[in-house]
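Dear colleague,

Please find below the structure I am handing over to you. My findings follow it.

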Amino acid sequence: MLWKTSRSFAGAITMLPHPLEEIVGFGYLLCRVADSFEDESAMPAADRAALLMRLHAAVELAPGWREEAADLAAHASELLGDSTSEAEVRLVEGLPQLLYGLAKQDKPVQAQVRRCLQDMTAGMAEVVQRQESRRNQWPPFDDVEELLEYCDIAAGTVGSMLTGLFAWYSGEIAANLHELEPRAAAFGRVLQLTNILEDVLPDLEAGRCWLPRDVLTSAGITAPEHLHDPAMRERSAEVRQHLLAMTHHELLQAIAYLDALPSADVAIRRFCTAPLLMAVLTLRKLAGSPVKIGRRAVKGVLAATWFGGSRPALTKKMFDALRKSLPEPRPGLPSAPQPLDTVTAPEIDRGIDAAVRRLTELQSDAGSWHVDYGGMTLFLSQYVITCYVVGDMPDDKTRERMVRNLREHQNPDGGWGIDYDSSSIVLTTVLGYTALRLLGEPADAPHVRYAREFFLQHGGALASPQWGKAILAVLGVMDWEGLYPFLPELWLLPRWLPVHPGRLWCYPRIVYLPLSWLYGSRSVATDDPLLEELRSELYVDAYARTDWVRSRSRVASTDLLRKRSWLLKASFIALHWYESVAPAKLRAKALAVVLDHIEHEDRTSDFVGEGYMTKAFNTLVWHFARPGGEEITAHCKRSPEHLWDAPDGVKVQCYDSTQTWDTSFAVQALVLSRRPAAEEAIRAATKFLAHTQRTEPVPDAARHFRHPGAGGWPLSTKEQGRSISDGTAEALEALFAAEEAGVQHDVNSSRVRQAVEFILSLQNRDGGWATYDGLAGGTWLEKLNYSDIFDNLMVDYSTNEPTGSAVSALRHYLGRSPADLTAKIRHAIARGERYLLGNQRPDGSWYGMWGVCFTYGTWFAIKALAGSSDPRAAVAIDRACSFLLAHQRSDGGWGEAVQGARAHRYIHTETSQPAMTAWALLTLVQAGRSETPAARRAAGFLVRSQLPDGGWEGDYLAGVFNGSAGMNYDAYRWVFPLWALSAFAGSAPEVRSAGQARAS
């Protein structure tokens, strides 16, 4: 279709790397659909505007978009007249396929294409209606401003879209977005202006004219025939020279855009060079007489692009030589004023006041901040399936709200991602489909049918990863033979063996525990007609004819974040052989040992569970092990504590909450605000923190492979109770901050020391900090990662954020530490700093494993290194600030997508986000850069984007689990912008002095 609608563009697009060539291709074709609607001059203006606005709505990909796209394509095809080519009619008829191509893409890609199409269609509809109101006026554009506005609508939008897509694809381009964004629209405008100048006479013959009246009348041209009149040739040439000079000015901006593209992105440079080269050749010829570039010239341009596009210096010389024959460049309009770098002290003051007011309003009666911690439909699906198996389904209203959540976060292609912001995968789509059916949704409902179409296209339930297959096997809609064995006998191995499952990080360990019991006992739900229907719906082929053993290795490419190693494959073979000869008595003994470990996990968390995934599996274990017993009763009673009812429906949180974590951050932000109105909230929060600290060790911890945890704080509540390193460090930071603000708390010095000793105990050999237990097994165990969808899962690795938190808290404790701990703490801090310095990426950033992503990781690293005496720290801080400045957007903010966590590179969101901007601003302040223009612009963004209620709205997930799945830490959008503005206000002299005057 590209070759039929634009040969020159089709030739250039083949230069782009995969998958950019496909994405840019359908994005361009969607723009051509809009062009077809606008250009159909025989169609009434009202109809054209209506079609454009229907396309504007269609690219939202809202529920029902397929039906709307089909209807729009059919309706538009009937309205298009003879002036529309057959190729363009076929293009319009293919609109549903084009939109499906968009629906399959990542959210950041969809957003870039959508913004382009919506800006374009809305602008074109306005232009069409304006021209209709001026149909007796020639030409319809009053002046140069209207011409350039139209060029922005028709082509500047495309330049911005391409820039966003390039930055999504390339980390180096993402780091240079601040240079590219201001020139992106000019890249498109120059191409549009060239087309307009080239087609003046053909357009006149078709009854169109895109030239501005002010330029025409200044040359004495007042009627279309004047442009044909030989006697008016000099006046026509004057118009042409004026517009060529204006286009030359745009060309210079476009060449600067090309120069700003990194030389390493050769394919993208070639793609951009080709249309610019054709444009400058056309402009050269237009300086004499208007001619069309033929196919031979196009081929020559593409050949020159191939060789010259990869050599930036040569390309620039080529353009400089070619444009010498053009008129001197002149701007069409005066330069737009640059955005101010400053934000006023009263604006920041008012922003802080409003943010404090909003944050304190959200505090719970317990003194904590208990807010949404969703983000993954996987947990909701697992909740529904678990409730169905144990016979404890939610009430009708809750079920209705659960359906709402699943539908709200269903991707346009019918599936669900590992999180709300990610592309669809088989695991979550099969489970989401199953949950909808169990909640009473009919199989032929459109949203259910589209989900089924998605997973069947990718291999059906057999293409799900191991965890998904295990859930389906318990439900009775997959045979246990379709899974590689989860052997309970592994728990009987000698503890000193390096492959003992007790050596795993807590997450894979406590998931493997119940899975091994369920597998070893072959637990299956009671069959019923609905489950029979599901068995006929989840598979590509008939359930009865499935070869379960041969299908074990199937995993859809969409779900395989981490490829299976040779060691894992070999272990699967060995486990399969053992399963065929496993002694019944040994199996029974193993199941009893596993059940003991499960009971320990449940009782030490009072059946709240470490997280919902393991809680769900444990619930299923007790349902089969002791039907109707106290354990299943306790689990069912506490399961609703994981539910959260939000505007997007009822969801299931990863934990029952993140109350301790969020409260620790909230206290630090409120203290830094220096607002008397925050004092009571701080006092109540410290009482909550005092209550949630674990003061006694976990009973029988060593036998159950647990850290004793005494002195630590959990992520959630006292009952959930699994102490974590960074949660403990941030709780201490909160208490220290409260003390410095004059708020006393109930955590005495011995309890503080206990917390410090807990933190010290979790430092790994590499100097970094683990999360829960410390590194108990070799990193080679990652080769046995059986999850498929999570990476770096198997052991408790050191990561940047816990290390940054630990180092910062320990340094703050030094001034009050007893003599016998001081040397140990200093040594731990030095080792932690060395870990962070060694973990800095070449671009100056730090990777964030638990937040999105590089702004988050970098903030934690800098808050630890800012107080370092190591001379290397200053260099590292400078590099980190350079990284942040390179990624700051033109509006002063920062925004990252969760896809960057998986790709291990910075991926911009299409709009700046408050949480990432706050982390970046905090980093700049802690690095001593609060007086820089970048810091002032960041503060300005936060002030301008603040909502009337004092909070902020984030469009993207800001948290992430283990670098793989996005999570919604709802408190982040209230806490961190307040913290950042308060830190900026306290460190920028002009803002600080104004705030002090106000306080006095």
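Gln137 has a relative accessibility of 28%; because buried means under 20% and exposed over 50%, Gln137 counts as partly exposed. Please note that the model is a predicted one. Gln137 sits in the loop that lies between helix 8 (107–133) and helix 9 (144–169). Leaving out residues up to four places away in sequence, Gln137 touches Asp142 and Arg213. With Asp142, the side chains form a polar contact of 2.9 Å. The side chain of Gln137 also reaches the backbone oxygen of Pro139, at 3.3 Å. Arg213 is 76 residues from Gln137 along the chain, and the C-alpha atoms of the two are 9.8 Å apart.

Ser725 belongs to helix 33 (residues 725–740). Its relative accessible area is 0%, so Ser725 is buried. A polar atom of the Ser725 side chain lies 2.5 Å from the backbone oxygen of Ala770. Apart from neighbours within four places in sequence, the residues in contact with Ser725 include Phe758, Ile759, Trp769 and Pro802.

The last topic is helix 36. This helix covers residues 819–839, and its 21 residues should span 30 Å at 1.5 Å a residue; the end C-alpha atoms are 31 Å apart, which agrees. Among the buried residues of helix 36 are Leu821, Ile825, Ala828, Arg831, Glu833 and Tyr835. The buried residues of helix 36 pack against helix 34 (749–761), helix 35 (800–814), helix 37 (854–865) and helix 38 (871–887).

Yours sincerely

Terms used. Residues numbered from 1 in each chain as written. Predicted model: local features only at pLDDT ≥ 70, side-chain atom pairs only at ≥ 80, totals over all residues. Heavy atoms only, no water. Helix = DSSP H or I, 4+ residues; strand = E, 2+ residues; numbered from the N terminus. Buried < 20%, exposed > 50% of the residue type's maximum accessible area, 1.4 Å probe, protein only. Polar contact = N/O pair within 3.5 Å; in protein donor to acceptor, adjacent residues only side chain to side chain. Contact = heavy atoms within 4.5 Å. Expected span 1.5 Å × (residues − 1).
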